[in-house]
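This report goes through one protein model, with its sheets, cores and salt bridges taken in turn. Please look at the sequence and the structure first.

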Amino acid sequence: MSASAQQSFWQAAFDGLQEAVWLVDTGTRTIIFANQRAAQLVGLPRAALAGAPVERLAATPEDHCFWSESAEGLARGIHSMSSVLRDDGQLVPVERKVVPFHTEGPDKLLLVSMVDCSARQAVERDLETLLAELRATLDSAADGVLVCGLHGEVRAFNQRLVQIWGMPQDLLLQRNDDQVHAFLASRVRHPAVYRARLEAIAADEQGQSQDVIELHGGQLIERRSVPQWIHGGVTGRVYSFRDITLEVQAQTALRLAARVFESSPYPIFIADDQHRLTRLNPACEQLFGRTSQSLQGYDVVDVLGLGAARQFMEGVHTEWQHGGLWKGELWLPREDDSGCAIHLSWVVLRDKAGCTEQSIGFVRDLTQQHAAQKRIDELAYSDALTGLPNRLLLSQKVDAAIRAARPGGAGFAILFLDLDRFKVINDSLGHLFGDKVLQLVTERLQTCLRQTDMLCRIGGDEFAMYLHAGDTAGAEQVARRMLDVMRRPFTLDGMGFSIQCSIGVALYPQDGRSLDELIKQADTAMYRVKERGRGSFGFYQPQMNAHLLERMQMEHALRQALENQHMSVHYQPQVDMASGRIIGAEALLRWTDPELGTIGPGVFIPLAEETGYIVTLGAWVLEQAVQEAVRWKQAGTPIVVSVNVSALEMRQPDFIERLNRVLRENDLPAELLELELTESILLQDAQEAAQRLEVVAALGVTLAIDDFGTGYSSLAYLKNLPIHKLKVDQSFVRGLPDDEGDRAIVSAIVYLGRSLHLCVVAEGVETPAQRAALQQMQCDQYQGYLCSPALPASGFARLLAGQGSGAAVTSP
């Protein structure tokens, strides 16, 4: 067949098709034939397409990759969505299919068929836009909407449905229809009735329904359902949900008001559509001072004595239009001139057309409420316990003084006072006694102030004073006067006692320009007074904040020290006086910080006790000391390790359990552990402390009293508690052998210990003369630099090993 005959044959075969068709030479990748639809698709004459490279019209990377394939690759063909390039540069979306085309000749051809998808994609875009608009419409609906299939599968819902039912976000993300329906059922008060109703609705596919569902918590939901029709058949169901809780409550309230009208203790009146009174209940008659019959037909505005009636009713109608209720306070005049304040809630009732049918007024006599409010206002500015002004009134006073202040004029002073150790009174004598003490303190402090000054209670045992036009000299004079009156003994319930206080002073404007700043600075100054011994006063100085910052930095470093391995336990030998052998060691905590350097125990131990971190430190030291004692025992040199225990540690509920666990887990015999206690442990909560010490002693752990004689001692515990050892504080040892007072005290402690069969240990022994004096007094043991300072674990182990099996420790 000739080429022209072949072209005519292809035109006859392909020009009648709706698809665009190319015949492409596989070898040259050129178009050798294009039907009329293909020419229209790319906007070129058919003749212009003949001989054109197919890649010129290919517009996608996929097409370029395909047409670069080998002949074998092209023979496999392709079928996918693509685009072709029109002559005007626009891309036309097409569904493109390439297959081998067999002819009688030797040439290998490919048949490329393309369907123009422009119209279909435009329709799809329109559908997407329509769906988005429908979704927006659905989400903007006031009712909750749920669309389900015939078998309950969830097809769509809006956000209002989520809000009404309180559906959690994770449930929405799961898209699990069964869980959605289970959640809805779990929210209703009667799940069985709810499920039965759903089954009845599902059974009647073409029916419509309406019912009310009660949720947990009393929420009422009106549910409507209609079938969803498509092409004349039911394909699902649309549910709408409306929260009618408030509506039902309002209807119920109106019905109840009608039933209880006559018996209600609250005044109620009813007016017609012209706001003329028609009925008053007995309570309203009593309040108005007139009978219902005598007031019938009177305008409500006239009865209430409202002069500007028109303006008042305009406001009422405005509120009625918005919510059907006007409420407010009014003054009710009465015939006997004994008018009173009332609160009126005026509700409008409308007919179906929205016209006013009648109105109901609920009246409340505010006489007692106003009197109570007046009392509340008084209490709002005063402290209930002491009757002093509170911080709110002080703030107003200070704000007024700041507004009235003039540059270069007189300022004022703020004193912040805190009672020293007031907690002891509360804990020992009870809070009722403590409250009475605060009242006595208030009476004394008030005698120190002028009428232009103000004393207020901040809270607890803290007071603040405003000194009008107070300068440094005036503030100092008042502070000293307060300290003097507080030093005088108090007497309460036949008991005499003393209370001291600490006072901080801040001056306006140099120390602060608001009450909060001044109280903060005065509190800082007061805290510094307490640090220096309490019972005095001090003025705020800017460097005090730096001191507090240093303290905060140290506290932060302290809490990081264990984790960062900046702490270690050292051990100081305890030596038997008679044999000179090391028979024990006291575990002492040491802290070296890379930034702060070496911090002494006298600095960080009080900070740890104040912040409560001593519990964590104590537990760690106990663990380390017990493990070290186990190593000494395994090395053949078993000695007792002594660990200090604070009062806060001893009071921890799990202390006994933790102590027992440490011994058990490390397999240390209890007799190789000694706990050192301060006398304060025995004096605070003495009964509970005694019970705990008995349990500790029952474990086999020995108990020692540290720093004996330095605190307030009640010697009764020495005979009643399982104490094994007394430790003489180094302050008494330091003066030996020359100081007669120290000799007498130490001798008395040793004699007391021996009489009670207690071991006595002297601390801080530094010279042979001190050791000789103690030995002469028959002291049992000593520790101190004479033998050795506290050593790291490795150094102490060498010292202990050097002692040998029979040699005594030699002093330097």
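Which residue in strand 4 does Ile 78 stand opposite? Ile 78 stands opposite Val 98.

## About the model

The model is predicted, so local features need pLDDT of at least 70 and side-chain atom pairs count only at pLDDT 80 or more, while totals for chains, interfaces and linings use all residues. Residues are numbered from 1 along each chain as its sequence is written, and side-chain values use heavy atoms, leaving out hydrogens and water.

## The antiparallel sheet

Strands of a sheet pair through backbone hydrogen bonds, either parallel or antiparallel. Helices (H or I, at least four residues) and strands (E, at least two) are DSSP runs, numbered from the N terminus. Two strands count as paired if DSSP finds at least two bridges between them.

Strand 3 (residues 78–85) is joined to strand 4 (residues 91–101) by 8 bridges, and Ser 80 has Arg 96 as its bridge partner. The hairpin of these two strands has 5 residues between them, and Gly 89 there takes a positive phi near 90°. Strand 4 also pairs with strand 5 (residues 109–116) over 8 bridges, where Glu 95 stands opposite Val 115.

Contact means heavy atoms within 4.5 Å. Axes are lines fitted to C-alpha atoms, for helices over the stretch in contact, and angles run from 0 to 180 degrees between N-to-C directions.

Another open sheet of 5 strands has the order 17-18-16-21-22 and mixed pairing. Strand 17 (454–459) and strand 22 (537–539) are its edge strands, and the twist averages 20° from one strand to the next. Strand 16 (residues 412–419) and strand 21 (residues 501–508) run antiparallel, joined by 8 bridges. Phe 412 has Tyr 508 as its bridge partner in strand 21. Helix 18 (residues 391–404) packs on this sheet, and its direction makes about 135° with that of strand 17.

## Nonpolar cores

A nonpolar core is a set of buried Ala, Val, Leu, Ile, Met, Phe, Trp, Tyr and Cys residues joined through side-chain atoms within 4.5 Å. Buried means under 20% relative accessible area, exposed over 50%, and partly exposed in between (1.4 Å probe, protein chains only).

The largest core has 80 residues, among which Leu 673 and Leu 675 touch the most other members. Helix 25 (residues 614–634) gives the most to this core, with 10 residues. A second, separate core of 34 residues includes Val 441 and Phe 463.

## Salt bridges

The whole structure has 27 salt bridges, each a side-chain nitrogen of Lys or Arg within 4 Å of a carboxyl oxygen of Asp or Glu. In one of them, Arg 197 pairs with Asp 211, the closest N and O atoms being 3.4 Å apart. Arg 197 lies in helix 11 (residues 191–203) and Asp 211 in strand 8 (residues 209–214), so the pair ties together parts that are 14 residues apart in sequence. Arg 197 is partly exposed at 31% relative accessibility, whereas Asp 211 is buried at 16%.

Glu 586, Glu 676, Lys 727 and Glu 763 are linked in a network of salt bridges.
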